[in-house]
Amino acid sequence: SSNNVKDNTITGSARYGIVLDYNPLEGDQGTIPSTANTISGNTITLSGRDGIYIGRESDDNIITTNTVSGTVGTDETLVTDNGLEGNGIYFWKSSGNTVTNNTISDNNTNGIEMMGSNNNTITGNSITGNKIGLLARRSDSFVFFPNTFSGNTLTGNTEYAVSTNFTESDGSFIATSNWWGSADYQTI
């Protein structure tokens with residue numbers, strides 16, 4: 001926790017470019033999450049699975065001014081509908097993270113994917129050329145607070161700019177002032 005990962009070039013990693021995750025305590029059922037880190041100014045290309053992976057309970061991290069592109073997917077990430085999954089940035093059951101002013105492009109599946117994550121703020125990013133710009137999926141086992149997604153530019157994503165399974169009654173996903181490449185919301 002409380003690390004600075006700054007100004008690195010990471011190319012062709014077999015699985016992940018940068019990982020913040022928990023480790024089980026030996027002989028205990030608890031976890032040690034990686035929290036309050038800053039990931040900034042990195043260039044991450046051609047990762048096997050995810051450019052940046054933020055795992056369970058790895059909360060309150062700042063991810064800013066990075067370039068994440070060309071994540072290719074691996075055989076272990078086979079997704080039946082989409083082929084090999086390869087995400088620019090992936091959040092799994094984490095909260096309170098800030099993702100701002102990143103360039104996330106040309107990844108095999110999603111620019112950003114959030115699964116079971118809440119209270120994250122994603123602003124001012126350029127998310128282009130992925131299948132889905134942002135995929136946000138809820139998980140029934142977690143209590144949600146709103147994720148905020150605003151001021152981002154999402155163009156050239158081939159399937160959706162934003163896809164989510166949150167419902168209006170969840171109150172868990174707020175998307176405002178994003179640019180989809182058109183003023184017509186139906187082109188999203």
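Predicted model: local features only at pLDDT ≥ 70, side-chain atom pairs only at ≥ 80, totals over all residues.

User: How many salt bridges does a search of the whole structure find?
Analyst: Two.

User: What makes Arg137 and Glu113 a salt bridge?
Analyst: Their side chains come to 2.6 Å, N to O. The cut-off is within 4 Å, so the pair counts. Arg137 lies in strand β19 and Glu113 in strand β16, so the contact ties together parts 24 residues apart in sequence.

User: Why is Glu113 called buried?
Analyst: Its relative accessible area is 1%. Buried means under 20%, so the label holds.

User: And what is Arg137 called, buried or partly exposed?
Analyst: Arg137 has 30%. That falls between 20% and 50%, so Arg137 is partly exposed.

User: How do you know that Arg56 and Glu57 form a salt bridge?
Analyst: The closest N and O atoms are 3.5 Å apart. The limit is 4 Å, so this pair passes too. Arg56 is partly exposed at 29% relative accessibility. Glu57 is partly exposed as well, at 31%.

User: Why are strands β15 and β18 called paired?
Analyst: Three bridges join them, and they run parallel. Pairing needs at least two bridges, so they qualify. Thr103 stands opposite Ser126 in β18.

User: What makes β2 and β21 edge strands?
Analyst: The open sheet has six strands in the order β2-β7-β10-β15-β18-β21, with parallel pairing. β2 and β21 each have a single partner strand, so one side of each is left without a neighbour in the sheet. Neighbouring strands of this sheet are turned by 5° against each other on average, direction ignored.

Notes: Residues numbered from 1 in each chain as written. Heavy atoms only, no water. Helix = DSSP H or I, 4+ residues; strand = E, 2+ residues; numbered from the N terminus. Axes fitted to C-alpha atoms, helices over the stretch in contact; angles between N-to-C directions. Buried < 20%, exposed > 50% of the residue type's maximum accessible area, 1.4 Å probe, protein only.
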